[in-house]
Amino acid sequence: ISDDDLDELIAQAKKGYESQGQDFPKAGTPEFQSIQTQYVAYLVQLEELRRSADEFGLEVTQKDLDKAEAGLIKDSFKGEHKEYDKALEAQGYTREAFLKTLESSLLQQKLFAEVTKDVKVTDKDLLDYYTANQSQYGTPESRDVRHILISEKNGSEVDFAESKAKADQIYAQLSNGGNFAALAKANSDDPGSKDSGGKLTISRGQTVPEFDKVSFELDKGEISKPVKTTYGYHVIEATSDVRPAKTTSLDEVKDSIRTTLLQQKKNEEMSAWVEDLQQEYDGKVSYAEGYQPPEIP
């Protein structure tokens, strides 16, 4: 790996800093040394990958580069070459330098495809994932309710005695035909629901346990006596039947699971391959004085 390769990357980094209005670290500073070390490590790994690509018979052709660049301009810059050139300049790249980076990226894509070409997702993998993530594929019981929260305060703490007394009064009014929505708007201490007359749509297990238990035990149209929670006292009315829980079958989601697992397994396969590659080159890379990366514990 030549000094020129490293100097080119350092120069690109410096232009990138300048385009962002930032000062590039001076040579000899720890910050500069850190940047240099990162680029040396990148160039070493890139050379290792290139040698592996040669062993696989892989190469990036001019046709590959032209296609990738054209696709980038079309997808990211709406086909505007001038905008593409401006973006390269802003990032400190000449077109020639960027195409080198693009070539490296394409080479790594080809290596990824080659290394992971035999990775498969089995039916057992699908079932295991589906079973382990069952909560993602089900909808719990739900129903519509409305509530009035009474949360009288003593300083910053809930005064449960005062809250209970007021909640009992509200419950008595409702029992004698009082208008739930009007009482909620006038009295509820739940800012998220009071203006809608206390309306909530809840799912089993979504709310605090005491509220959840009573909400799903009520008959439709039934109003609860005041229910104590950490927030105060709630008067709850069930306004719909309980909607049963639903489960999405494996057949309905197996394609999306397969896609997720395939990418995950390919990433794992590639990571293991890169780790093996690094071990293969361990002790075989020679560094000029001052370029040796620090030992990592």
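Q: Is Asp-85 buried, exposed or partly exposed, and what is its relative accessibility?
A: Asp-85 counts as partly exposed, at 42% relative accessibility. Keep in mind that this is a predicted model.

Q: Which helix is Asp-85 in?
A: Asp-85 sits in helix H4.

Q: What about Ala-90, where does that lie?
A: Ala-90 lies in helix H4. Its relative accessibility is 35%, so Ala-90 counts as partly exposed.

Q: And how far is Ala-90 from Phe-180?
A: C-alpha to C-alpha, Ala-90 and Phe-180 are 62 Å apart. In sequence they are 90 residues apart.

Q: Zoom out, then. What box do the C-alpha atoms of the protein chain fill?
A: Roughly 90 × 50 × 50 Å, taken along the principal axes.

Q: How does the radius of gyration of the chain sit against a compact globule?
A: The protein chain has 32 Å, whereas a compact globule of 297 residues would be near 19 Å.

Q: How many helices and strands are there?
A: The protein chain has ten helices and eight strands.

Q: What share of the residues counts as buried?
A: Of the 297 residues, 32% count as buried. The chain exposes about 19,000 Å², and carbon and sulfur atoms supply 48% of that area.

Q: How many positive and negative side chains are there?
A: There are 37 positive and 56 negative side chains. The centres of the two sets lie 8 Å apart.

Q: Next, the core. How many residues are in the largest nonpolar core?
A: The largest nonpolar core has 20 residues. Leu-102, Leu-111, Met-270 and Trp-273 have the most contacts inside it.

Q: Which elements give two or more residues to this core?
A: Helices H2 (30-56), H3 (62-77), H4 (81-90), H5 (95-115) and H10 do. H5 gives the most, with seven residues.

Q: What does Met-270 touch, not counting residues up to four places away in sequence?
A: Met-270 touches Leu-111, Phe-112, Val-115 and Thr-116.

Q: What is Ser-104 in contact with, leaving aside its neighbours within four places in sequence?
A: Ser-104 is in contact with Tyr-42, Leu-46 and Arg-50.

Q: Let's switch to H10. Where is Val-253, and is it buried or exposed?
A: Val-253 is in helix H10, residues 250-281. Val-253 is buried, with a relative accessible area of 12%.

Q: What does Val-253 touch, not counting residues up to four places away in sequence?
A: Val-253 touches Tyr-130, Tyr-137 and Thr-248.

Q: How far is Val-253 from Pro-25?
A: Their C-alpha atoms are separated by 51 Å. Val-253 and Pro-25 are 228 residues apart along the chain.

Q: Which residues of helix H9 are buried?
A: In H9 (residues 209-217), Phe-211, Asp-212, Val-214, Ser-215 and Phe-216 are buried.

Q: What covers the buried residues of H9?
A: The cover includes strands S2 (142-150), S5 (199-203), S6 (227-229) and S7 (232-238).

Q: Where is Val-242 found?
A: Val-242 is found in the loop between S7 and strand S8 (246-247). Val-242 is partly exposed, with a relative accessible area of 30%.

Q: Leaving aside neighbours within four places in sequence, what is Val-242 in contact with?
A: Val-242 is in contact with Glu-141, Ser-142, Arg-143 and Phe-216. Phe-216 is one of the buried residues in H9.

Q: And how far is Val-242 from Gly-79?
A: C-alpha to C-alpha, Val-242 and Gly-79 are 54 Å apart. They are 163 residues apart in sequence.

Q: Last one. What is phi of Lys-78 near?
A: Phi of Lys-78 is near 55°, a positive value in a residue other than glycine. Lys-78 lies in the loop between H3 and H4.

Q: Is Lys-78 buried or exposed?
A: Lys-78 counts as exposed, at 78% relative accessibility.

Methods: Residues numbered from 1 in each chain as written. Predicted model: local features only at pLDDT ≥ 70, side-chain atom pairs only at ≥ 80, totals over all residues. Heavy atoms only, no water. Helix = DSSP H or I, 4+ residues; strand = E, 2+ residues; numbered from the N terminus. Rg over C-alpha atoms; globule rule 2.2 N^0.38 Å. Buried < 20%, exposed > 50% of the residue type's maximum accessible area, 1.4 Å probe, protein only. Areas by Shrake-Rupley, 256 points an atom, 1.4 Å probe, with all protein chains shown as cover. Lys, Arg positive; Asp, Glu negative; His and termini not counted. Charge placed at Lys NZ, Arg CZ, Asp CG, Glu CD. Contact = heavy atoms within 4.5 Å. Core = buried A, V, L, I, M, F, W, Y, C linked by side-chain atoms within 4.5 Å.
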